[in-house]
Amino acid sequence: MRRALALAGRAAAAGDVPVGAVVVDPAGVVVGEGFNVREAEGDPTGHAEVVALRAAARAIGTWRLEGHRLVVTMEPCPMCAGALVLARVAQVVLGAWDPKLGACGSVWDVPRDRRVTHRVEVVGGVLEEECGAVVRDFFAGHRGASSGA
């Protein structure tokens, strides 16, 4: 999670919502990482999780990430939760919960829905306060800047 937090800082530095993610293989080796690049690349799918999943798939040579774990600073949205299921990730470890768009247990629970073809184990609240503070601080800074404060 510490590596994911460092990556979140890179997203914030580029003006994007500070979310970072890493994909870890069954042996505990990081095989992919990413951070939000929506603003930098003008890509609506440029979420940290998707960027990390793509990097991991390239690194191991297949889109099937069975046995892999995704560690992310913020609860994945519906798109990213769906990507976790489709990539057959074994587990998602998340930092802060997202009460507005969270799709791993907060608002929706895509990875554990009985109708999906692959279920992903969800472990939440890892370094929750620290992960949440990064996002809260980012938005507090943006609100202050937009209000002229």
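The model is predicted, so local features need pLDDT of at least 70 and side-chain atom pairs count only at pLDDT 80 or more, while totals for chains, interfaces and linings use all residues. Residues are numbered from 1 along each chain as its sequence is written, and side-chain values use heavy atoms, with hydrogens and water left out.

The chain has five helices and five strands. These are DSSP runs numbered from the N terminus, with helices (H or I) of at least four residues and strands (E) of at least two. Along the sequence the order is α-β-β-α-α-β-α-β-β-α. The C-alpha trace spans about 50 × 30 × 25 Å along its principal axes. A compact globule of 149 residues would have a radius of gyration near 15 Å, and the chain agrees, with 15 Å. This radius is taken over C-alpha atoms, and the globule rule is 2.2 Å times the number of residues to the power 0.38. Buried residues account for 45% of the 149. Buried means under 20% relative accessible area, exposed over 50%, and partly exposed in between (1.4 Å probe, protein chains only). Of the contacts between residues at least 6 apart in sequence, 52% join residues at least 24 apart. Contact means heavy atoms within 4.5 Å.

Helix α3 (residues 48-60) packs with helix α4 (residues 78-86) at an angle of about 25 degrees, and their axes lie 9 Å apart. The two helices are therefore roughly parallel, a label for angles under 35 degrees; over 145 is roughly antiparallel, 65 to 115 roughly perpendicular, and the rest oblique. Axes are lines fitted to C-alpha atoms, for helices over the stretch in contact, and angles run from 0 to 180 degrees between N-to-C directions. From α3, Glu 49, Val 50 and Leu 53 meet Met 79, Cys 80, Ala 83 and Leu 84 of α4. By class, this contact has six nonpolar residues, no polar ones and one charged. Ala, Val, Leu, Ile, Met, Phe, Trp, Tyr, Cys and Pro count as nonpolar, Asp, Glu, Lys and Arg as charged, and the others, Gly among them, as polar.

Within α4, Cys 80, Ala 81, Gly 82, Leu 84 and Val 85 are buried. Their cover includes α3, β3 (69-74) and β4 (91-96). After α4 comes Arg 88, with a positive phi near 65 degrees.

His 47 sits in the loop between α2 (38-41) and α3. His 47 counts as buried because its relative accessibility is 15%. Beyond its neighbours within four places in sequence, His 47 contacts Asn 36, Arg 38, Cys 77, Met 79 and Cys 80.
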